[in-house]
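Here is a short briefing on one protein model. It covers salt bridges, a cavity and a pocket.

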Amino acid sequence: MTAENEREIYHKLEAMKEIRNKTITLERLKRSILNEVRSGDQEGRCLAQYKREMELLQQEKMSHVEELRQIHADINAMETVIKQTEESMSRKLSNASRLHEDYRPLKTEVDLLRRQCLGLDRLPDLHEEEGSPITPDRFPPAAPRAGPAGAAAAFLAPAPRKPPPPPPAFRQQPPPMKSCLSCHQQIHRNAPICPLCKAKSRSRNPKKPKKK
């Protein structure tokens, strides 16, 4: 074996070692991105349900004048839940975007090393993974970079501002209450969902429709 062959084998071994280490980091970033995206999408589905419940509460407020004060309290609680869910969804998707900015150049480098050193095909993109919740347009295309400092500044998203706390509800007398069938906590008798466990609530004595 010539010295040139030995150097070639040595370079390939070094390349395989580097590819292995970077592939492990790449897989860890990929799992983190998938978890954040799945969690953010779940928050989005919950958010749509919460907003629908908010619409139902608004309709109930217009039809039950005698229960307005308690419904206002339920609305304030639901608004707080919605704002917290929006913040959580935004935070998780922002985390996924920041992780993706680390993932994208590393994957490009790994794919280049695989092709040039080992003659292997590129690794599949995130949206090409089987069962992946990520679509091709989930993350924006890479912008031109002036350096590490420019990259950090370009993709550093500001943290979402926390909303001010809702004003305390005004009550003159204890409202009619019932027990949640899921968590057994006391909630308002006409609340469509439990503000604590988010389970749908059904009245034990539903009101009969008024005759025309």
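With which residue does Lys22 form a salt bridge, the closest N and O atoms being 2.2 Å apart? The partner is Glu109. A salt bridge here is a side-chain nitrogen of Lys or Arg within 4 Å of a carboxyl oxygen of Asp or Glu. The model is predicted: local features need pLDDT of at least 70, side-chain atom pairs count only at pLDDT 80 or more, and totals for chains, interfaces and linings use all residues. Residues are numbered from 1 along each chain as its sequence is written, and side-chain values use heavy atoms, with hydrogens and water left out.

**Salt bridges around Lys22**

- Lys22 lies in helix α1 and Glu109 in helix α2, so their bridge ties together parts that are 87 residues apart in sequence. Helices (H or I, at least four residues) are DSSP runs, numbered from the N terminus.
- Lys22 also meets the side chain of Glu18 in a salt bridge, at 2.9 Å from N to O.
- Glu18 and Lys22 both sit in helix α1 (residues 3-63), 4 residues apart, or about one turn of the helix.
- Lys22 counts as buried, at 19% relative accessibility. Buried means under 20% relative accessible area, exposed over 50%, and partly exposed in between (1.4 Å probe, protein chains only).
- Glu18 is partly exposed, at 34%. Glu109 is partly exposed too, at 33%.

**Other salt bridges**

- The whole structure holds 12 salt bridges.
- Lys107, Asp111, Arg122, Asp125 and Glu128 are linked in a network of them.
- Arg122 and Asp125 meet through their side chains, at 3.6 Å from N to O.
- Arg122 is partly exposed, with a relative accessible area of 45%. Asp125 is partly exposed as well, at 24%.

**The largest cavity**

- The search gives 1 cavity of 30 Å³ or more. On a 1 Å grid over the protein atoms alone, a cavity is a set of points where a 1.4 Å probe fits but cannot get out.
- The largest cavity holds about 50 Å³ of space. Grid points are joined across faces, edges and corners, and a volume is the space filled by probe spheres set on the points.
- Its lining includes Leu57, Asp74, Met78, Val81 and Ile193. Lining residues have an atom within 4 Å of a point.
- Helix α2 (residues 68-118) gives the most to this lining, with 4 residues.
- By class, the lining has 8 nonpolar residues, no polar and 1 charged. Ala, Val, Leu, Ile, Met, Phe, Trp, Tyr, Cys and Pro count as nonpolar, Asp, Glu, Lys and Arg as charged, and the others, Gly among them, as polar.
- Asp74 is found in helix α2. Asp74 is buried, at 12% relative accessible area.
- Beyond its neighbours within four places in sequence, Asp74 is in contact (heavy atoms within 4.5 Å) with Leu57, His188 and Ala191.

**The second largest pocket**

- The second largest pocket has a volume of about 270 Å³. A pocket is an open set of points with protein on both sides within 12 Å along at least five of seven lines.
- 16 residues line this pocket, and His100, Arg104, Asp125, Leu126 and His127 lie nearest its centre.
- The lining of the second largest pocket has 7 nonpolar, 4 polar and 5 charged residues.

Methods:
Helix = DSSP H or I, 4+ residues; strand = E, 2+ residues; numbered from the N terminus.
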